[in-house]
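Q: Could we go through this structure together? I would like to start with the strands and then turn to the helices.

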Amino acid sequence: MHSNDIINLETRTGKVERVWQIEIQATPEDVDKIVDSVMEVDPLIYGRYKRNAFVTAVGSETYLPEENSTSAVHLNAANKVQTFPSVLIVISVEKNNETLGRVLDAIRDVHHYEEPLIFIKDCWASRASYDPHNTNPNRWWNREAVDANT
């Protein structure tokens with residue numbers, strides 16, 4: 001199936017739309033600074049919610065600085081393996097190049113790396129036919145009533 005095969009896909013429960021998915025590797029303490037900076041240029045909307053981001057559990061990032069890298073200049077770390085705690089921040093924005101450019105600038109402006117690890121994917125995102133009064137027992141707002149009856 002080609003990606004354009006779903007361009008008009010609408011189902012009983014929703015539809016899909018094109019987005020840029022952006023993955024950013026960062027230190028755990030920089031997550032809010034990065035997301036807040038992006039929020040100044042894009043609301044990170046997903047459905048009826050703003051500031052939507054996914055942040056992984058803390059893992060490790062490793063690299064080997066070259067002689068002319070900032071790590072070599074400021075940490076005397078040329079050719080020495082570096083390993084630091086890291087998380088992956090995943091956000092999505094409308095598939096618009098101007099929006100993407102503003103978001104990338106906002107990330108680079110506050111990221112502490114000279115060369116932030118940012119990956120951009122052309123994706124399809126699901127958009128639900130939203131009804132806050134939906135009686136589906138699987139929705140979180142209906143679960144208490146279902147759990148109380150079991």
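A: A term comes first: two strands pair if DSSP finds at least two bridges between them. Helices (H or I, at least four residues) and strands (E, at least two) are DSSP runs, numbered from the N terminus. The model is a predicted one, in which local features need pLDDT of at least 70 and side-chain atom pairs count only at pLDDT 80 or more, while totals for chains, interfaces and linings use all residues. Residues are numbered from 1 along each chain as its sequence is written, and side-chain values use heavy atoms, with hydrogens and water left out.

Q: In what sense do E1 and E2 pair, and over how many bridges?
A: Strand E1 (residues 10–11) pairs with E2 in the antiparallel sense, over 2 bridges. Glu10 stands opposite Lys15 in E2. The two strands, E1 and E2, form a hairpin with 2 residues between them.

Q: What does Lys15 stand opposite in E6?
A: Lys15 stands opposite Arg127 in E6. Strand E6 (residues 118–128) runs antiparallel to E2, and 11 bridges join them.

Q: And how many bridges are there between E2 and E5?
A: Strand E2 (residues 14–26) and strand E5 (residues 82–94) have 8 bridges, in the antiparallel sense. The bridge partner of Ile22 in E5 is Ile91, and that of Glu23 is Val90.

Q: What does Phe54 stand opposite in E5?
A: Phe54 stands opposite Val90 in E5. Its strand, E3 (residues 54–55), pairs with E5 in the antiparallel sense over 2 bridges.

Q: Where does E4 come in, and over how many bridges does it pair with E5?
A: Strand E4 (residues 59–63) pairs with E5 over 5 bridges, again in the antiparallel sense. Thr62 stands opposite Thr83 in E5.

Q: Where is Leu64 found?
A: Leu64 is found in the loop between E4 and helix H2 (70–75). Leu64 and Gln82 are 18 residues apart in sequence, and their C-alpha atoms are 6.1 Å apart in space. Leaving out residues up to four places away in sequence, Leu64 touches Asn79, Lys80 and Val81, where contact means heavy atoms within 4.5 Å.

Q: On to the helices. Which residues of H1 are buried?
A: Val31, Ile34, Val35, Ser37 and Val38 are buried in H1. Buried means under 20% relative accessible area, exposed over 50%, and partly exposed in between (1.4 Å probe, protein chains only).

Q: Why are they on the same side of H1?
A: They are on the same side of H1 because they cover an arc of only 160 degrees around the axis. The arc is that of the directions from the helix axis to the C-beta atoms.

Q: What do the buried residues of H1 pack against?
A: They pack against E2, E3, E5 and H3.

Q: At what angle do H1 and H3 pack?
A: Helix H1 (residues 31–39) and helix H3 (residues 97–110) pack at an angle of about 145 degrees, and their axes are 8 Å apart. Axes are lines fitted to C-alpha atoms, for helices over the stretch in contact, and angles run from 0 to 180 degrees between N-to-C directions.

Q: Which residues meet there?
A: Lys33, Ile34, Ser37 and Val38 in H1 meet Val103, Ala106, Ile107 and Val110 in H3.

Q: Is Thr99 buried or exposed?
A: Thr99, which lies in helix H3, counts as buried because its relative accessibility is 2%. Apart from neighbours within four places in sequence, Thr99 is in contact with Asp42, Val93 and Glu94.
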